[in-house]
Amino acid sequence: MKSLMRELLTRVLLFTGVAMAIRAMFWRDRAAILLYHDPTPATLDAHLQYLKDKVDFIPLSQISAPGNGRPRAAITFDDGHAGNAELLPVFIKHGVHPTIYICSSIVAHERTHWWLHPIAKDAGVKRLIRMRNGERLAELNAKGFYQDQLNGEAKVSGLSSEQIQAMRPFVDFQSHTRFHPTLTCCEDEECAEELIGSKAEVERLIGRPCEHFAYPYGIYGSREVAILKAAGYKTGRTTDVGWNDERSDPFRLKAFDIEDDSSVPWFAVQLTGLTLMPRYLRLGRVRRLGARLFNKPGSLKQAQ
Ligand SMILES: [Zn+2]
């Protein structure tokens, strides 16, 4: 059923010219941030080939620069998956200088991103994401998973320090916290440690300033923005769907969360933003309701 809906939507949006019209109307002079996690080289190559003559590829650091009359795209990856190392030839082939937001206490260590570990999968990742951070860690500890250990025979899931060093001339490495908690479920000290501690760890690992941040699950509130600003970050990327221009709030950058295994037509459909809109509207409703109830706009937790 889902694939049938997808096929129909793809045909309607691509063959009626809606996708092209949206690009002409909204992307026009703006910058899209594409968000991937762990795509294969072949998939990413096909996506970049499709985009090549339609948009200019820009580094994330130029996201707030004034428009040049052309649609622009910054390519980003979250988490720092080991598989990202295989993408290097694709970046070089297409002249793309991507940003990889790394979990700084997972990459370059013999550790596993917590939600990829069998113990977390068995316990239910979706439920764990919504728990208070201390309770989540206590439950995982009780079941035998510690976020700062390899935990038996588990697979190392992050980029190694050798891989990071090899990619360093071609890739901009930035922060995605230390261990990937849900920030709005953290106590103040835990949140500060994840944002400030990660900045220091990325800088130690890369030897360059760490100034950009991506919120895990795209979930954030006004406390997270305030800590990022105080720590010296310049931007924060959400998963709210939309394009960016020089008037965009740099700590609430919008993005297109692309499914890693998208065919080229499905990729083109996702770039209209229409398939991502329902989730965005749901998030908007949660925020507005929170603001009404508590009269503190932006300070409330977002649902995923
Ligand atoms: Zn993530």
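Biologist: How does the lining of the second largest pocket divide by class?
Modeller: That lining has five nonpolar, four polar and two charged residues. Bear in mind that this is a predicted model.
Biologist: Which residues line the second largest pocket?
Modeller: Asp38, His81, Ala82, Gly83, Thr112 and Leu116 are among them. The lining also includes Pro118, Ala154, Lys155, Val156 and Ser157.
Biologist: And how much space lies in there?
Modeller: About 200 Å³ in the second largest pocket.
Biologist: OK, cavities now. How many of 30 Å³ or more does the structure hold?
Modeller: Two. About 70 Å³ of space lies in the largest cavity.
Biologist: Which residues line the largest cavity?
Modeller: Ala19, Ile22, Arg23, Trp27 and Tyr50 do, along with Trp243, Ala268, Leu271 and Thr272.
Biologist: Which helix gives the most to that lining?
Modeller: Helix H2, residues 18-27, with four residues.
Biologist: How do the residues of that lining divide by class?
Modeller: Seven are nonpolar, one is polar and one is charged.
Biologist: Let's switch to the metal. What coordinates the zinc ion?
Modeller: Asp79 through OD, plus His176 and His180, each through NE2. The distances are 2.1 to 2.2 Å.
Biologist: What spacing do the donors follow along the chain?
Modeller: The zinc donors follow D-x96-H-x3-H.
Biologist: Is His176 buried or exposed?
Modeller: His176 is buried, and His180 is too.
Biologist: Strands next. How many residues of E1 are buried?
Modeller: E1 covers residues 31-36, and six of its six residues are buried.
Biologist: Which residues sit on each side of E1?
Modeller: Ala31, Ile33 and Leu35 are on one side. Ala32, Leu34 and Tyr36 are on the other. Both faces are covered.
Biologist: How many bridges join E1 to E3?
Modeller: Six, and the two strands run parallel. E3 spans residues 72-79. Within this pairing, Leu34 stands opposite Ile75.
Biologist: What about E1 and E8, how many bridges there?
Modeller: Two, again with the strands parallel. E8 is residues 253-257.
Biologist: Which residues in E8 are the partners of Leu34 and Leu35?
Modeller: Leu34 has Phe256 as its bridge partner in E8. For Leu35, the partner in E8 is Asp257.
Biologist: Is E8 mostly covered or mostly open?
Modeller: Mostly covered, with four of its five residues buried.
Biologist: How many bridges join E7 to E8?
Modeller: Two bridges link E7, residues 235-241, to E8, and these strands run parallel. Arg237 stands opposite Leu253 in E8.
Biologist: Back to the start of the chain. What does H1 reach from its first C-alpha to its last?
Modeller: H1, residues 2-15, reaches 20 Å over its 14 residues. That is close to the 20 Å expected at 1.5 Å a residue.
Biologist: Which residue just after H1 takes a positive phi?
Modeller: Gly17, with a phi of about 85°.

Technical notes
Residues are numbered from 1 along each chain as its sequence is written. This is a predicted model: local features need pLDDT of at least 70, side-chain atom pairs count only at pLDDT 80 or more; totals for chains, interfaces and linings use all residues. Side-chain values use heavy atoms; hydrogens and water are left out. Donors are N, O and S atoms within 2.8 Å of the metal (3.2 Å for Na, K and Ca); water is not among the atoms, so sites may look incomplete. Buried means under 20% relative accessible area, exposed over 50%, partly exposed in between (1.4 Å probe, protein chains only). The expected span of a helix is 1.5 Å times one less than its number of residues. On a 1 Å grid over the protein atoms alone, a cavity is a set of points where a 1.4 Å probe fits but cannot get out, and a pocket is an open set with protein on both sides within 12 Å along at least five of seven lines; lining residues have an atom within 4 Å of a point. Grid points are joined across faces, edges and corners, and a volume is the space filled by probe spheres set on the points. Ala, Val, Leu, Ile, Met, Phe, Trp, Tyr, Cys and Pro count as nonpolar, Asp, Glu, Lys and Arg as charged, and the others, Gly among them, as polar. Two strands pair if DSSP finds at least two bridges between them.
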